[in-house]
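Dear colleague,

Please find the structure below, handed over for your own work.

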Amino acid sequence: MNAPTAISHLVPESHQREVPAALIDALKSRFGDRCSTAMAVREQHGRDESSFDAPPPAAVIFAESTEDVAAAVKLVSEHAVPVIPFGVGSSLEGHLLAVQGGISIDVSRMNKVLSVNAEDLTVTVQPGVTRKQLNEEIKNTGLFFPIDPGADASIGGMTATRASGTNAVRYGTMRENVLALEVVTASGEVIRTGTRAKKSSAGYDLTRLFIGSEGTLGVVTEVTLRIYPLPEAVSAAICSFPSIEAAVRTVIQTIQLGVPIARVELIDHHTVRMVNAYAKLGLREEAMLLMEFHGSPAGVKEQAETVQEIASEFGGKAFEWASTPEERTRLWTARHNAYFAAVQSRPGCRVISTDTCVPISRLADCLLDSVAEADASGIPYFLVGHVGDGNFHFGYLLDPNAPEERITAEKLNHALVSRALALGGTCTGEHGVGLHKMGFLVDEAGAGAVDMMRTIKRALDPKNIMNPGKIFSL
Ligand SMILES: Cc1cc2nc3c(=O)[nH]c(=O)nc-3n(C[C@H](O)[C@H](O)[C@H](O)COP(=O)(O)OP(=O)(O)OC[C@H]3O[C@@H](n4cnc5c(N)ncnc54)[C@H](O)[C@@H]3O)c2cc1C
C-alpha cells in the first residue's frame, strides 16, 4: 500500500485550468445575476465539510431547471473548463474543491418534489430537494424516505456519493433506493436511466453507474426513489456497555441472528462525554448502543426482547426505552449532536473523518485495534458507527496550527484502511472517495478495475470537465 496521502499534492495551483473571460461573459449573458463571481459565493462553493482547501471556482451558476444545467454544461464544455455540481456542500472528502479551477453549478434551487406515486411507493424529485424536505412533503401520505446522512443533504448529492446513514442496516443505501435518473451528460445532452418499475434487465445499469460517481460523469437533474410505509410500531432504546468490545459483540450477534433491527449505532465513551457537555444529557459515560426497531407491535416487542437478552450476555445495562416520537427524539439527541459536540470540544479544530466498513464478522477485529492506536496517539477523537453495517467513523480533532497532528491522523487513517482492506472491507462505506481517499482506491479495487473506471470516464467525458481530479487521477 502507498504511503499516507498528503493532500497538498492533490490540490496544486499549477493544475488550475484557465477560465476565459469570454466564457464568464457568455454565462452572465445566459444566466444574469444567477451567475455569480462574488468571492464570498465562490469560496462557499469551493469547499465542503472536509479540512482541505483549494482555490475556489471562477464562478457559480444557480440552476433552476434541467435546461439551465444543460445550457451551462454546453457553454463550459466548449471551453473545456471543469464543471463541479454542488448540492448543499456537506460532503467530507474534498469532493467540491475546484482543484483544476472551473465553474460550480449549484442545483439547490431545483428543489421541487415532482410526483408522489403512493400506490407504487415511489417519488420523483429534483436534485436540490433535501432529505428532510422530502420527508416533510410526503408525511401526510403515511410514507417516508429512510436514507439519513447526518447532514440535511440534497438528494442529488446523496445520489452522487451513494450515501447512507443510520437506517441503512434495514432499508439499504442510495444504491438500493434509486430507481431512475435524469442526467445532463458532459456534452450537455439530457438522458434518462432506469424506470419506475421495481426491477429491469434492460441493458447496462446506467443508473448504478451514476450513483456514487461524485459528479465526475454528469449532473443529476431528476431522481426517482423508493419510499416506504411508516412502520406501524417503532421502539427505540439506548444501552450502555462496560467496553466497546461488549457493545460490538452485541451488534455482531444481533445481525448474525437475523434480527431485522432498523438502526443500531455505536457511540464511544469519549463521544458520550462530549455530547453530555454539549447538550447536558447526563448519560453514563460508557460505550453506548442506540437502537431502533420497526414493525408490527408484536414484531417490535419480539426483536427488542431478543436484543435485550443478547446485550445482557455481554454486560449491557441501563436499557432506556422510548416509544413516543418525543421520547425517541430525546434518546437520539446524543447521536445527532455527536459531530457538533465533538467539534465544540476542541474550539477551532478541523476534523479528519475515517469511513471504513468491514464484513460484520470482522467488525470487532477492525475496530478494537484501531481504538488502541487512536488512544496511543494522544490526538483527541470521537468515534461513532453505523455498526449494524460494519461501518464506523473516527473523527480526529486537529489543531490547524499543529501540522504534526495531521500527519499522525493520516497515519492512523492509513493503518485503519489497511486493516479494513485486509479484513475484506472498504476504505469508504458511505462518504465516497473525493480527494482524500484517492490513494486507497487502487489498493482496494486493484489497478485493472481503476483502469476500467478511467476508460469509462474518458468515454463519457472526453474533455475531462466533470469534477476532474476526483476519485482517481487520469
Ligand atoms: C455532520 C455530518 C454527518 C454526515 N453523516 C453522513 C452519514 O451518516 N452518511 C453519509 O453517507 N454521509 C454523511 N455525511 C456526508 C454528506 O452529508 C453526504 O456525502 C451527502 O450525500 C452529500 O450531499 P450534499 O448535498 O451535501 O452534496 P455536496 O457536498 O454538495 O456534493 C457531494 C458530491 O456530489 C456531487 N454532486 C452534488 N450534487 C450533484 C448532482 N445533482 N449531480 C451530480 N453530482 C452531484 C458533487 O460534485 C460532489 O462531488 C455527513 C456529513 C456531515 C457534515
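**Ligand site**

A nitrogen atom of the ligand lies 2.9 Å from a polar backbone atom of Gly-150. This is a predicted model, in which local features need pLDDT of at least 70, side-chain atom pairs count only at pLDDT 80 or more, and totals for chains, interfaces and linings use all residues. Residues are numbered from 1 along each chain as its sequence is written, and side-chain values use heavy atoms, with hydrogens and water left out.

Two further polar contacts (pairs of N or O atoms within 3.5 Å) involve oxygen atoms of the ligand: a polar backbone atom of Pro-85 is 2.6 Å from an oxygen atom, and an N or O atom in the side chain of Asn-467 is 3.3 Å from an oxygen atom. On its own the ligand has 980 Å² of accessible area (Shrake-Rupley method, 1.4 Å probe), of which the protein covers 96%.

The shell around the ligand holds 36 residues (a heavy atom within 4 Å), and Pro-85, Gly-87, Ser-90, Ser-91 and Ser-154 come nearest. By class it has 16 nonpolar, 17 polar and 3 charged residues; here Ala, Val, Leu, Ile, Met, Phe, Trp, Tyr, Cys and Pro count as nonpolar, Asp, Glu, Lys and Arg as charged, and the others, Gly among them, as polar. The largest share, 5 residues, comes from α5 (helices are DSSP runs of H or I with at least four residues, numbered from the N terminus). Because domain 1 (3-109) and domain 2 (113-229) both give residues to this shell, the ligand lies between them; the domain bounds come from an automatic or database domain assignment.

**Cavity and pocket**

A search of the whole structure finds 1 cavity of 30 Å³ or more. On a 1 Å grid over the protein atoms alone, a cavity is a set of points where a 1.4 Å probe fits but cannot get out; a pocket is an open set with protein on both sides within 12 Å along at least five of seven lines, and lining residues have an atom within 4 Å of a point. A volume is the space filled by probe spheres set on the points, which are joined across faces, edges and corners.

The largest cavity has a volume of about 50 Å³. Its lining includes Glu-49, Phe-52, Leu-92 and His-436, and divides into 4 nonpolar, 4 polar and 2 charged residues.

The second largest pocket holds about 890 Å³ of space. Of its 38 lining residues, Arg-162, Ile-211, Gly-212, Ser-213 and Met-453 are the closest to its centre. The largest share of that lining, 5 residues, comes from α16.

With kind regards

Technical notes
A polar contact is a pair of N or O atoms within 3.5 Å; within protein, one must be able to donate a hydrogen and the other to accept it, and residues adjacent in sequence count only if both atoms are side-chain atoms. Helices (H or I, at least four residues) and strands (E, at least two) are DSSP runs, numbered from the N terminus.
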